[in-house]
Amino acid sequence: VMITGETEETWAAEFQKLGMQYRKPKVVMFENATQSGCGPAESSMGPFYCPADETVYMDMSFFGELQRKFGARVTEFSIAYVMAHEIGHHVQTLLGTSGKVDQLRRSGRYSEAEMNRVSVATELQADLYAGLWAKKTDQREQFLEPGDIQSAMEAAAAVGDDNIQKRSQGYVNQEGFTHGSSAQRQEWFMKGYNSGDIRQGDTFNALLK
């Protein structure tokens, strides 16, 4: 929960620069199952953000899975990265990005492959926001320890679409990506971390212009 306080301070300052007010999300920790404003939350879904009730649902059993299935070290900071990524989706909701993506999805004008690309752009932007959060918070609090960024990178790589597909079906189908490859997820997190600049976060190409 320490993470949420840090996040609030960081995003309140970022939103102030944009002339906006930051509204903090709620955070629910659960294992196995719970109810969310977006319907039932089950551990098979992993941590997620629900825009309807502006709540991050942190499934803590997911981290055991990350270690068992994907061999990623679970550290305090890899948990913080996942939390910061989900809060990135909250930032998208407040900035109106999520609403635009929903409109595109509902318009029915785009193929599944195109909407998957939009989904990847949305997820990679949340990764950039997580990196930006780490940078700004560390500048204020000096809270990062050696190896922290590396453990976030390992977690990002573990949950890359190509890694998950390879393990589940034995091959990689890029058209089926919804979150981005391991390399993309690492790249956008580092872009946020290295730049500390929210304006670097335009992961959306011409499709969303």
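Which element gives the largest share of the lining of the largest pocket? That's helix H2, with 7 residues; helices here are DSSP runs (H or I, at least four residues) and strands are too (E, at least two), numbered from the N terminus.

Keep in mind that this is a predicted model, where local features need pLDDT of at least 70, side-chain atom pairs count only at pLDDT 80 or more, and totals for chains, interfaces and linings use all residues. Residues are numbered from 1 along each chain as its sequence is written, and side-chain values use heavy atoms, with hydrogens and water left out.

**The pocket**

A pocket is an open set of points on a 1 Å grid over the protein atoms alone where a 1.4 Å probe fits, with protein on both sides within 12 Å along at least five of seven lines; lining residues have an atom within 4 Å of a point. The largest one has a volume of about 1,000 Å³, meaning the space filled by probe spheres set on the points. Closest to its centre, out of 40 lining residues, are Met45, Pro47, Glu86, Glu123 and His179.

| Lining class | Count |
|---|---|
| Nonpolar (Ala, Val, Leu, Ile, Met, Phe, Trp, Tyr, Cys, Pro) | 16 residues |
| Polar (the others, Gly among them) | 13 residues |

**The core**

A nonpolar core joins buried (under 20% relative accessible area, 1.4 Å probe, protein chains only) Ala, Val, Leu, Ile, Met, Phe, Trp, Tyr and Cys residues through side-chain atoms within 4.5 Å. The largest has 42 residues, and Tyr81 is one of those touching the most other members. Helix H3 supplies the largest share, 9 residues. Leaving out residues up to four places away in sequence, Tyr81 has contacts including Asp127, Arg185 and Phe189 (heavy atoms within 4.5 Å).

Technical notes: Buried means under 20% relative accessible area, exposed over 50%, partly exposed in between (1.4 Å probe, protein chains only).
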